[in-house]
Amino acid sequence: MPTPQERREELKAVWEQARGCVKCPQLAEARTTVVFGSGNADADLMFVGEAPGKNEDLKGHPFVGQAGKLLDQLLEEVGLERADVFVNNTLNCRPPGNRDPHPVEIENCQDYLMRKIELVEPKVICTLGNFATKLLRGDNTGITKVHGQAEVRVIGRRAVRLLPIFHPAAALYTRSMLDTLRADMAKVPELLALPVPEQPEPDDPPRPPISEEPETSRAVPSGGEEGEGARQAPGASPDEQLGLF
Ligand code: URA
């Protein structure tokens with residue numbers, strides 16, 4: 001059983017790999033930063049959103065814009081703060097113009113998300129909106145049907161309590177959706193108080209390294225390294241750059 005410190009170090013190693021990822025040529029070319037996720041590397045509660053927007057792409061951290069402010073407020077209402085949770089997305093890179101993630105991009109990024117779930121070891125995962133919910137529930141049922149309904153799911157190699165909720169961006173301008181989101185979030189403390197679900201047998205073969213290859217083969221863009229303009233403080237440690245508490 002790896003210690004929290006070992007899991008944290010491995011999380012940083014996976015981030016190092018993700019920040020050079022060029023599996024999705026269009027995203028790799030357009031991004032400023034890879035938004036890997038930030039927060040508590042040993043959190044009991046993880047949020048999975050859709051994809052970084054403009055602010056997140058510039059700052060390198062998830063949910064730092066208007067939707068993020070609402071997420072902070074909702075967390076505060078249930079007695080939590082960012083330092084208590086780990087926040088990440090279905091995609092690590094911003095889709096140009098904030099278009100919807102393409103299925104192949106979700107597939108390309110899925111191994112990173114699974115590794116983050118394995119390494120952070122959350123008890124509860126809140127999926128925010130349709131993309132994360134469909135991916136982690138493994139079916140096409142939309143968020144409107146399943147929001148607020150917690151269930152135990154095995155995701156990758158970890159059993160978690162999954163709670164799909166509306167995306168905060170959708171609730172920003174629609175009062176009724178905000179009320180629903182608030183009511184669904186209110187279920188989080190009771191879920192966190194439940195025991196960790198029984199975990200799958202740990203006799204799986206060792207996890208293979210994350211493939212550098214895209215799901216469908218295509219040309220890698222020239223100079224497809226992480227964007228030149230990553231706005232990280234010079235000399236910041238990996239923990240600071242990642243925003244780990
Ligand atoms: N919306 C998302 O889904 N993720 C972010 O990080 C920001 C906005």
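What follows is a short chat about reading the ligand site in this predicted model.

Me: How do I find out where empty space is left in a protein?

Reply: You roll a probe the size of a water molecule over the atoms, and that shows where the empty space is. Of its 27 lining residues, Ala-51, Gly-53, Ala-67, His-167 and Ala-169 are the closest to the centre. Helix 3 (54–59), helix 4 (66–77), helix 6 (130–137) and helix 8 (168–171) are the elements that each give two or more residues to that lining.

Me: And what is the lining of the second largest pocket like by residue class?

Reply: It splits into 14 nonpolar, nine polar and four charged residues.

Me: Where does the ligand sit?

Reply: In that second largest pocket.

Me: Which residues surround the ligand?

Reply: Take those with a heavy atom within 4 Å of it. Here you get Gly-49, Glu-50, Ala-51, Glu-56, Pro-62, Phe-63, Asn-89 and His-167. By class, that shell has three nonpolar, three polar and two charged residues.

Me: Which atom of His-167 lies 2.8 Å from an oxygen atom of the ligand?

Reply: Look for N or O pairs within 3.5 Å. For His-167, a polar side-chain atom lies 2.8 Å from a ligand oxygen. Glu-50 uses a backbone N or O atom, 2.8 Å from an oxygen of the ligand. Ala-51 also brings a backbone N or O atom, 3.1 Å from a ligand nitrogen.

Me: How much of the ligand's accessible area does the protein cover?

Reply: On its own the ligand has 240 Å² of accessible area, and the protein covers 90% of that.

Conventions. Residues are numbered from 1 along each chain as its sequence is written. This is a predicted model: local features need pLDDT of at least 70, side-chain atom pairs count only at pLDDT 80 or more; totals for chains, interfaces and linings use all residues. Side-chain values use heavy atoms; hydrogens and water are left out. A polar contact is a pair of N or O atoms within 3.5 Å; within protein, one must be able to donate a hydrogen and the other to accept it, and residues adjacent in sequence count only if both atoms are side-chain atoms. Accessible areas come from the Shrake-Rupley method with a 1.4 Å probe; for residues, only the protein chains shown count as cover. On a 1 Å grid over the protein atoms alone, a cavity is a set of points where a 1.4 Å probe fits but cannot get out, and a pocket is an open set with protein on both sides within 12 Å along at least five of seven lines; lining residues have an atom within 4 Å of a point. A molecule sits in a cavity or pocket if more than half of its atoms lie within 2 Å of its grid points. Ala, Val, Leu, Ile, Met, Phe, Trp, Tyr, Cys and Pro count as nonpolar, Asp, Glu, Lys and Arg as charged, and the others, Gly among them, as polar. Helices (H or I, at least four residues) and strands (E, at least two) are DSSP runs, numbered from the N terminus.
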